[in-house]
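Subject: Structure handover

Hi,

Here is the structure for you to look at. My notes on what turned up follow below it.

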Amino acid sequence: MKRILFKILSVVSPFLILAILGVLQGAWFDVEEFIERGDAETYRPPAIQYLVYYLVSALLLVFFGLLLAHEYKNTSNRFCRVLYAALLLLNICIILACTFTI
């Protein structure tokens, strides 16, 4: 049962990363809300929000990286190895793209 759960979590990891980082970006760094209020040029999110966002990004990268590395080591099927390596690369690209867009 645990192996199946790990496999499912590995496959949906890009969607989880997009959901978590997307919610944080939408909630904390929404420029349109401040443009409507008229103080977009004077408002800057506090440094703690940036720190928490980058910390969450790093934790997601480490967690899903370790999960995919574990699954990569425990499988002997070549297709699954290529899939896990591609998922790891996709996760890294998603996290880098999300962190550099704020």
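An angle over 145 degrees between two axes counts as roughly antiparallel. Keep that cut-off in mind for what follows. Note also that this is a predicted model.

Start with helix α2, residues 13-28, and helix α4, residues 47-74. They pack at an angle of about 180°. Their axes are 11 Å apart. The angle is over 145 degrees, so α2 and α4 are roughly antiparallel to each other. On the α2 side, the contact is made by Ser-13, Leu-16, Ile-17, Ile-20, Leu-21, Leu-24, Gln-25 and Trp-28. On the α4 side, it is made by Gln-49, Val-52, Tyr-53, Val-56, Ser-57, Leu-60, Phe-64 and Leu-68. By class, this contact has twelve nonpolar, four polar and no charged residues.

Next, α4 and α5. This pair packs at about 175°, with axes 9 Å apart. That makes α4 roughly antiparallel to α5. From α4, the contact residues include Tyr-53, Tyr-54, Leu-61, Gly-65 and Lys-73. From α5, they include Arg-81, Tyr-84, Leu-88, Asn-91 and Cys-98. The class count for α4 with α5 is 13 nonpolar, four polar and three charged residues. Glu-71 of α4 is also in this contact; the salt bridge below involves Glu-71.

Then α1 and α2. The angle here is about 55°, and the axes are 4 Å apart. The two helices are therefore oblique to each other. Leu-9, Ser-10 and Val-11 in α1 meet Ser-13, Pro-14, Phe-15 and Leu-16 in α2. By class, that gives five nonpolar, two polar and no charged residues.

Now charges. Side chains of opposite charge can pair when their charged atoms come close. How many salt bridges does a search of the whole structure find? One. Lys-7 forms it with Glu-71, and the closest N and O atoms are 3.4 Å apart. The pair links distant parts of the chain. Lys-7 sits in helix α1 and Glu-71 in helix α4, 64 residues apart.

Last, the surface. There is a nonpolar patch of about 820 Å². Ile-4, Ile-8, Val-11, Val-12, Phe-15, Leu-16, Ile-20, Phe-79 and Leu-83 make it. Which elements give two or more residues to the patch? They are α1 (2-11), α2 and α5 (78-99). Leu-16, which lies in α2, is one to look at. Leu-16 belongs to the patch, to the contact with α4 and to the contact with α1.

Best wishes

Notes
Residues numbered from 1 in each chain as written. Predicted model: local features only at pLDDT ≥ 70, side-chain atom pairs only at ≥ 80, totals over all residues. Heavy atoms only, no water. Axes fitted to C-alpha atoms, helices over the stretch in contact; angles between N-to-C directions. Parallel < 35°, antiparallel > 145°, perpendicular 65-115°, else oblique. Contact = heavy atoms within 4.5 Å. Nonpolar A, V, L, I, M, F, W, Y, C, P; charged D, E, K, R; others polar. Patch = residues over 30% accessible without salt bridge, like charges linked within 9 Å, V, L, I, M, F, W, Y side chains within 5 Å. Areas by Shrake-Rupley, 256 points an atom, 1.4 Å probe, with all protein chains shown as cover. Salt bridge = Lys/Arg side-chain N within 4 Å of Asp/Glu carboxyl O.
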